[in-house]
Amino acid sequence: PERQDATIAEVKGQLEALGANYRLSMVEWVTTDDAEKAGQTIFANNRAKQLPHHFVPGDPRRGGRTFITYLVDQSDGNATGGLVNAQTEGAIDNAMATWNNADCSTIPIVKVADTGVDPDIRDFLTRPAGAWGTFGVPFSADIVHAGWLPRGFFDRLAPGGGGFILGVTFTFIFVSRGLPTDIDGNGMADVAFREIYYNNNFTWGIDVSTRPFDVETVALHESGHGLSQGHFGKIFRTNSNLLLHFAPFAVMNAAISRQAQQLEGTDNAGHCSIWGSWPNN
């Protein structure tokens, strides 16, 4: 859609102007189950060979690490619903631990502390078009849970997006001379870092089943994207009762229908297919 293309082009132009060695490549969001919309994956470049993205173990551009780091940014406000940072950060930590404890996980996933310096570069979306402001500092961690932002941020991703997008993950890949790199020759573009944002247009809760939305449930889904997993499962609605069905139900379904704080079989299988042999990819 035109709005998504404009947003991607705006990001691309600014990063090129800065001489950055990374570009926005993919945007993935998950929706509410009553929005009559499903979560989407938007690619900045539609050539098939550039669709897969993954971290490179030992990548010198990421400090040569053979583990994955994450950070929870405390500078972008609290979730609505009366929650404080300690509650939401705890729920995000639980979600990251769930992926780290998957049957085949050998990564490991390591948390790094928030230093107080803005770690993300996507806050500009809350400003008027063309008003960029100051970039944060990328590469603070491989996966940055970058905060709780107002509806306007998500409206710039899709028409009315602030009313149905719960969370979104941005994937940035390394480039050389404007083209995606693949230094390990695995046919996948090399991930530089990922940023995850949550929508403060909704009311959030801790260990809740439906509304308000459960922080850990949405964080578990978005963290799956952060760890290179895509949406999974068929979604359909029964016309007689308007109930939404998932085949199969999974954390990585493209819409959030209920609390899900544990991985389903398909989630675990997807994770293992990506990380089972790490770092010997």
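The model is predicted, so local features need pLDDT of at least 70 and side-chain atom pairs count only at pLDDT 80 or more, while totals for chains, interfaces and linings use all residues. Residues are numbered from 1 along each chain as its sequence is written, and side-chain values use heavy atoms, with hydrogens and water left out.

Start with strand 7, residues 165–176. Strands here are DSSP runs of E with at least two residues, helices are runs of H or I with at least four, and both are numbered from the N terminus. Buried means under 20% relative accessible area, exposed means over 50%, and partly exposed lies in between, using a 1.4 Å probe and protein chains only.

Which strands pair with strand 7? Strand 1 (residues 22–32) is joined to strand 7 by nine bridges, and the two run antiparallel. Two strands count as paired if DSSP finds at least two bridges between them. Tyr22 has Phe174 in strand 7 as its bridge partner. Strand 9 (residues 189–199) also pairs with strand 7 in the antiparallel sense, over seven bridges; here Thr171 stands opposite Arg194. Strand 8 (residues 179–180) pairs with strand 7 over two bridges, again antiparallel, and Val175 stands opposite Pro180. Strands 7 and 8 form a hairpin with two residues between them, and Arg177 in the turn has a positive phi of about 55 degrees.

Next, look at the loop between strand 9 and strand 10 (204–205), where Asn200 is found. Is Asn200 buried or exposed? Asn200 counts as buried because its relative accessibility is 18%. Its side chain reaches the backbone nitrogen of Thr80 at 2.8 Å. Leaving out residues up to four places away in sequence, Asn200 touches Asn78, Ala79, Thr80, Trp148 and Leu149, where contact means heavy atoms within 4.5 Å.

An α-helix has 3.6 residues a turn, so residues three or four places apart point the same way.

Conventions: Polar contact = N/O pair within 3.5 Å; in protein donor to acceptor, adjacent residues only side chain to side chain.
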